[in-house]
Amino acid sequence: TLPETPNQKIIAESKKHNRKEITLQTGEFFLEDNLPKEKYLRNTPFLNLDSPEISNTAKKFKNSKDPVKDVSFFVYNHISDKKEGIPIIPALTILKNKSGDCTEHTVLTIALLRANNIPARAVMGIIFSENFHDKKNVFVYHMWAEAFVNGKWVIVDSTRPWAIKYNRYIAF
């Protein structure tokens, strides 16, 4: 089954001929989330929040009017060597090497947001892409972040910070 998230709702589920069909509605929804957010501020072996390099980079966004947007654009521009298919690596390595795919964009984004006391988490799923490896209009596996801002979870996709369209993302 697929989860209900702040950006997708399950409208219907049915089982036909040993197949399960799920109808989703995607978009920007407000799902009340009164659960504590402390776990989305914690350090992990991949986030390296105790690293001076991560802390110092995060400080650049401390006084930003829109730190989520600014972090997302920073990560997009900082990771200049766009690659595919590398394993998940720690945020400090990503910051130093400036390379990676959607997973590295997400890990570094979450590290910088959490270092600024903004709850953030990773989401795995698929995204609709108009062009991917010479194929048109396909869904591809993807990872992105969500940040808890102004009482709701919002998508933060540092691989395309200028073009977030909620109806293209399906979370697994």
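1. Strand 6 is joined to strand 7 (residues 152–156) by five bridges, and the two run antiparallel. Two strands count as paired when DSSP finds at least two bridges between them. Strands (E, at least two residues) and helices (H or I, at least four) are DSSP runs, numbered from the N terminus. Within this pair, Glu146 stands opposite Ile155 of strand 7. The strands form a hairpin with two residues between them. Asn150, in that turn, has a positive phi of about 50°.

2. The model is predicted: local features need pLDDT of at least 70, side-chain atom pairs need 80 or more, and totals for chains, interfaces and linings use all residues. Residues are numbered from 1 along each chain as its sequence is written, and side-chain values use heavy atoms, without hydrogens or water.

3. Strand 6 (residues 135–149) also pairs with strand 5 (residues 120–132). This pairing is antiparallel and has twelve bridges. Gly125 stands opposite His142 of strand 6. Two residues separate the strands in the hairpin, and His133 takes a positive phi near 50° there.

4. Strand 1 and strand 2 make another antiparallel pair, with eight bridges. Ala12 faces Thr23 of strand 2 across it. Again the hairpin has two residues between its strands. His17 lies in the loop between strand 1 (8–16) and strand 2 (19–26). Its phi is positive, near 50°.

5. Which phi values deserve a second look? Most residues other than glycine have a negative phi. Asn48 has a positive phi near 55°, and its place is the loop between strand 2 and helix 1. Is Asn48 buried or exposed? Asn48 is buried, at 14% relative accessible area. His17 is exposed, at 77%. The cut-offs are under 20% for buried and over 50% for exposed, with partly exposed in between (1.4 Å probe, protein chains only).

6. The largest nonpolar core holds 34 residues. Such a core is a set of buried Ala, Val, Leu, Ile, Met, Phe, Trp, Tyr and Cys residues joined through side-chain atoms within 4.5 Å. Ile54, Val75, Leu108, Leu112, Leu113 and Ala147 have the most contacts inside this core. Helix 1 (52–59), helix 2 (67–78), helix 3 (91–97), helix 4 (102–115) and strands 5, 6, 7 and 8 (169–171 for strand 8) each supply at least two core residues. Helix 4 gives the most, with six.

7. Val75 shows the packing at one residue. Leaving out residues up to four places away in sequence, Val75 touches His105, Leu108, Thr109, Leu112 and Ser158. A contact is a pair of heavy atoms within 4.5 Å.

8. What does the grid search find inside? There is one cavity of 30 Å³ or more. The largest cavity has a volume of about 40 Å³. On a 1 Å grid over the protein atoms alone, a cavity is a set of points where a 1.4 Å probe fits but cannot get out; a pocket is an open set with protein on both sides within 12 Å along at least five of seven lines; lining residues have an atom within 4 Å of a point. Points join across faces, edges and corners, and volume is the space filled by probe spheres set on them. Thr5, Asn7, Gln8, Trp144, Glu146, Ile155, Tyr169 and Ala171 line the largest cavity. Strand 6 and strand 8 are the elements giving two or more residues to this lining.

9. The largest pocket has a volume of about 620 Å³. Its lining has 27 residues, of which Phe132, Val140, His142, Thr159 and Arg160 are the closest to the centre. Helix 4, strand 5 and strand 6 each give two or more residues. Strand 5 has the largest share, seven residues. By class the lining has twelve nonpolar, seven polar and eight charged residues. Here Ala, Val, Leu, Ile, Met, Phe, Trp, Tyr, Cys and Pro are nonpolar, Asp, Glu, Lys and Arg charged, and the others, including Gly, polar.

10. The second largest pocket has a volume of about 220 Å³. Its lining includes Asp66, Phe73, Val154, Ile155 and Ile164. Helix 2 and strand 7 are the elements that give two or more residues. Helix 2 gives the most, with five. The lining divides into nine nonpolar, one polar and two charged residues.
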